Amino acid sequence: MESVIAGLTIQAHPDFRCCVTMNDDESTYEVPDYILSRLQPTLAIGFPSRQDEMAILRYHLPFAEPELLDLTVEFLQRAHRLELGFSPRDGIHIVRYALKRLAQEEGHPLSRDAAWEEALARVLGEEARDLDQLAQEQQRRPGETRTAVDLEDLFFGEDDPLHPGRDEGLA
């Protein structure tokens with residue numbers, strides 16, 4: 001490290017390595033060239049294979065039914081083929097939500113598939129139910145990303161008068 005202003009140089013240990021990651025979404029900005037030039041080599045890492053994605057989900061969700069993991073990995077792999085930005089982290093959130101719904105009441109008639117479908121819509125938004133349509137919309141609007149689901153959306157329906165993000169009736 002060198003600071004011209006402070007007038008000092010600190011030598012790094014010969015084994016020192018640095019790894020920097022950057023998400024490709026609206027939460028990040030372009031890295032200036034003067035920083036990029038110091039971060040060489042640069043590796044772009046894509047989404048994991050089906051096998052690797054399953055291993056990631058099994059590692060984080062060892063207690064989940066294999067069927068839930070299969071549904072989720074199939075969804076994610078299809079999203080990757082359509083170049084949609086859903087990640088293994090999204091998959092983990094979907095499965096966790098579904099597991100919590102299934103565990104709410106013993107003997108509840110909610111099926112595994114219905115719980116997964118609900119989790120998908122609640123975690124990623126209703127538009128995630130139709131990946132083909134979502135991919136077409138993204139192609140028409142390059143540069144835009146999917147809208148995030150707020151925490152309040154998990155607890156309140158769109159028409160619920162108690163929904164904190166609802167503007168109607170607040171005066």
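What is the mean pLDDT of the protein chain, and what share of its residues reach 70 or more? The mean is 82, and 80% of the residues reach 70 or more; pLDDT is the predictor's confidence in each residue, from 0 to 100.

This is a predicted model, in which local features need pLDDT of at least 70 and side-chain atom pairs count only at pLDDT 80 or more, while totals for chains, interfaces and linings use all residues. Residues are numbered from 1 along each chain as its sequence is written, and side-chain values use heavy atoms, with hydrogens and water left out.

View 1. From the N terminus, the order of elements is β-β-α-α-α-α-α-α-α. Helices (H or I, at least four residues) and strands (E, at least two) are DSSP runs, numbered from the N terminus. Of the 171 residues, 25% are buried; buried means under 20% relative accessible area, exposed over 50%, and partly exposed in between (1.4 Å probe, protein chains only). The chain exposes about 13100 Å², with carbon and sulfur atoms supplying 52% of it. These areas come from the Shrake-Rupley method with a 1.4 Å probe, and for residues only the protein chains shown count as cover. Confidence is highest in α2, at a mean of 96, and lowest in helix α7 (residues 151-155), at 61. Where pLDDT is low, the predicted coordinates should not be read in detail.

**View 2. Helix α3 and the elements its buried residues pack against.** The 16 residues of α3 should span 22 Å at 1.5 Å a residue, and the end C-alpha atoms are 22 Å apart, which agrees. The expected span is 1.5 Å times one less than the number of residues. Buried in α3 are L68, L69, T72, V73, F75, L76, Q77, A79 and H80. These residues pack against α2 (50-60), α4, α5 and α6 (131-140).

**View 3. T72 in helix α3 (residues 66-81).** T72 has a relative accessible area of 0% and is therefore buried. Leaving aside neighbours within four places in sequence, T72 is in contact (heavy atoms within 4.5 Å) with L57, G91, I94, V95 and W116. The side chains of T72 and W116 are joined by a polar contact of 2.8 Å. A polar contact is a pair of N or O atoms within 3.5 Å; within protein, one must be able to donate a hydrogen and the other to accept it, and residues adjacent in sequence count only if both atoms are side-chain atoms.

**View 4. Helix α5 (residues 112-124) and the glycine after it.** At 1.5 Å a residue, the 13 residues of α5 should span 18 Å, in agreement with the 18 Å between its end C-alpha atoms. W116 is among the buried residues of α5, together with A115, A119, L120, A121, V123 and L124. G125 follows α5 and has a positive phi, near 100 degrees.

**View 5. E83, in the loop between α3 and α4 (88-103).** E83 has a positive phi, near 60 degrees, and is a residue other than glycine. Most residues other than glycine have a negative phi. E83 counts as exposed because its relative accessibility is 70%.

**View 6. R50 of helix α2 and its polar contact with E74.** R50 is partly exposed, at 36% relative accessibility. R50 and E74 are 24 residues apart in sequence, and their C-alpha atoms are 7.8 Å apart in space. A polar contact of 3.3 Å joins their side chains. Not counting residues up to four places away in sequence, R50 touches D70, V73, E74 and Q77.
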